[in-house]
Amino acid sequence: MLRTTASPIFSSFRGKPKTPRLIFKAYSVLLEDTPPTARRNASTNLTTLHQGPPTSAYVHLPFCRKRCHYCDFPILALGTSSASNTFHKERQEVEDDPRITNYVNLLVREINATRTDFDTNPDLKTVFFGGGTPSLVPPKLVSLVLETLSSSFGLCPDAEISMEMDPGTFGGEKLKELMEIGVNRVSLGVQAFQDELLKACGRAHGVSEVYEAIEIVKTCGVENWSMDLISSLPHQTLEMWEESLRLAIESQPSHVSVYDLQVEQGTKFGNVYTPGQSPLPSETQSAEFYKTASSMLRGAGYEHYEVSSYSKEGFKCKHNLIYWKNKPFYAFGLGSASYVGGLRFSRPRRLKEYTNYVYDLENGAANWCGDGSVDLKDVATDIIMLSFRTSKGLELKEFGEAFGRKVVNSICKVYEPYVESGHIVCLDDMRREVMSDEFKKLVGNDEVKIEDHVRYLRLRDPDGFLLSNELISLAFGVISP
């Protein structure tokens with residue numbers, strides 16, 4: 001699952017990436033206190049941008065062999081064996097596990113009970129199976145989910161279908177079966193290349209299984225595959241981190257995701273560790289980890305297109321870009337969160353409550369896309385937060401059309417010192433850099449429409465990304481003084 005948070009120094013890992021923490025409402029009922037021009041613009045432009053039918057779906061498969069020490073996601077632990085030669089026996093046990101079969105049947109019921117009111121329903125272009133450890137689910141059940149999605153919403157022949165997979169949970173035969181039913185992108189949860197770190201995290205696999213999984217992925221001919229790594233782990237040194245990055249690069253994935261550990265209350269790590277205190281790295285050390293990742297991965301030919309994401313040319317994760325671009329998406333399964341029609345809705349995290357939700361949905365007693373409201377200020381700050389995560393940055397012209405010229409001018413003024421220091425980069429409509437002295441002149445001239453000269457504001461890699469919290473907070477202060 002993909003999670004975005006503004007609290008850590010940059011991007012934080014709380015198990016696996018989760019869907020952005022956004023709570024949107026239909027924009028026709030935004031802030032009554034907002035000036036008429038901004039309110040009118042918001043209700044038209046943002047409705048057009050965010051209320052169309054989704055073309056993406058997130059599917060939560062919550063099964064794991066065991067709960068990792070940092071994980072606070074909704075999962076169902078199946079148990080595990082430490083002996084790698086029991087893989088085929090474990091697979092048979094998983095194939096016959098009624099907990100998996102019953103859950104998938106419940107998931108299918110939820111999909112079938114989801115009725116949309118859109119005039120047109122374009123086929124899905126991306127599907128992302130997250131967890132949990134989706135690779136524990138038998139291919140025949142994954143196929144059932146895909147068939148149900150296709151029947152309910154349509155599925156493009158060339159859709160990106162991603163699956164999170166952990167080392168030690170699949171072999172060549174299983175991966176080939178998954179590829180045959182449409183899975184064409186693998187997200188491999190490696191996390192580290194040191195056995196002592198994997199053990200300290202409570203991971204169910206070791207380094208030997210990491211290498212086995214990489215070989216399986218390559219042998220099966222998966223061209224589009226990503227590797228997940230975690231920095232700032234307990235007892236992790238810079239030398240260990242450099243080794244993990246080097247070995248990841250040597251493995252030649254088409255995509256690498258790098259997350260900084262975030263210690264959550266209620267987890268095993270949360271009970272024994274305090275962020276910034278040994279054996280966890282200090283904030284300065286964590287920043288050095290981030291800079292090292294940026295330097296090594298970019299030096300190896302990966303584009304740093306999102307704060308925690310690096311890809312080779314042509315291999316950006318299309319599904320995750322839906323999140324960063326603020327576009328709508330369906331979500332199904334335990335604890336999953338959808339964003340449809342301008343509304344953000346999270347399903348129950350406990351299996352019993354989720355089962356009751358599906359029953360109510362089937363009987364018309366539950367709303368699959370939720371309800372609630374959010375004001376224009378929340379919308380604006382969410383857009384800034386997500387935009388600053390990407391290498392594209394914040395598009396000022398579009399933002400100004402939605403929220404008004406005064407808001408754009410105020411944001412530019414508060415960011416002027418950071419443009420001068422080089423933490424924020426200004427770009428024109430041709431993506432050429434606008435120098436700080438020129439930006440200063442534009443900000444100082446109230447007669448000039450800044451967005452006609454500066455099309456984008458983006459954070460510089462890596463130093464700007466490392467200041468993202470402070471910079472986003474400044475924007476919050478302008479929008480909600």
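## The four-stranded sheet

Four strands form an open sheet in the order β15-β18-β16-β17, with antiparallel pairing. The edge positions belong to β15 (394-395) and β17 (433-434), each of which has a single partner strand, so one side of each is left without a neighbour in the sheet. Strand β16 (residues 424-427) is joined to β17 by 2 antiparallel bridges, and Leu427 has Glu433 in β17 as its bridge partner. Strands are DSSP runs of E with at least two residues, helices are runs of H or I with at least four residues, and both are numbered from the N terminus. Two strands count as paired if DSSP finds at least two bridges between them.

## Basis of the model

The structure is a predicted model, in which local features need pLDDT of at least 70 and side-chain atom pairs count only at pLDDT 80 or more, while totals for chains, interfaces and linings use all residues. Residues are numbered from 1 along each chain as its sequence is written, and side-chain values use heavy atoms, with hydrogens and water left out.

## Overall composition

The chain contains 18 helices and 18 strands. Of its 481 residues, 59% count as buried; buried means under 20% relative accessible area, exposed means over 50%, and partly exposed lies in between (1.4 Å probe, protein chains only). Contacts are defined by heavy atoms within 4.5 Å. Among contacts between residues at least 6 apart in sequence, 74% join residues at least 24 apart.

β13 pairs with strand β14 (residues 343-346) in the antiparallel sense over 4 bridges, and Tyr339 has Arg344 as its bridge partner in β14. The two strands form a hairpin with 2 residues between them, and Gly341 in the turn has a positive phi of about 60°.

## Salt bridges

A salt bridge is a side-chain nitrogen of Lys or Arg within 4 Å of a carboxyl oxygen of Asp or Glu. By this rule the count comes to 14 salt bridges. One of them joins the side chains of Glu362 and Arg109 (2.7 Å, N to O). Glu362 lies in helix α12 (residues 351-362) and Arg109 in helix α3 (residues 98-113), so this pair ties together parts that are 253 residues apart in sequence. Glu362 is partly exposed at 36% relative accessibility, and Arg109 is partly exposed at 33%.

The side chains of Arg347 and Glu110 also meet in a salt bridge (2.7 Å, N to O). Arg347 is in the loop between β14 and α12 and Glu110 is in helix α3, so that the pair links distant parts of the chain, 237 residues apart. Arg347 is buried, with a relative accessible area of 4%, and Glu110 is buried, with 0%.

## Cysteines

A search of the whole structure finds 0 disulfides, a disulfide being a pair of cysteine sulfur atoms within 2.5 Å. Cys426 is in no disulfide, and the nearest cysteine sulfur, that of Cys412, is 7.1 Å away. Cys426 counts as buried at 1% relative accessibility, and Cys220 counts as buried at 13%.
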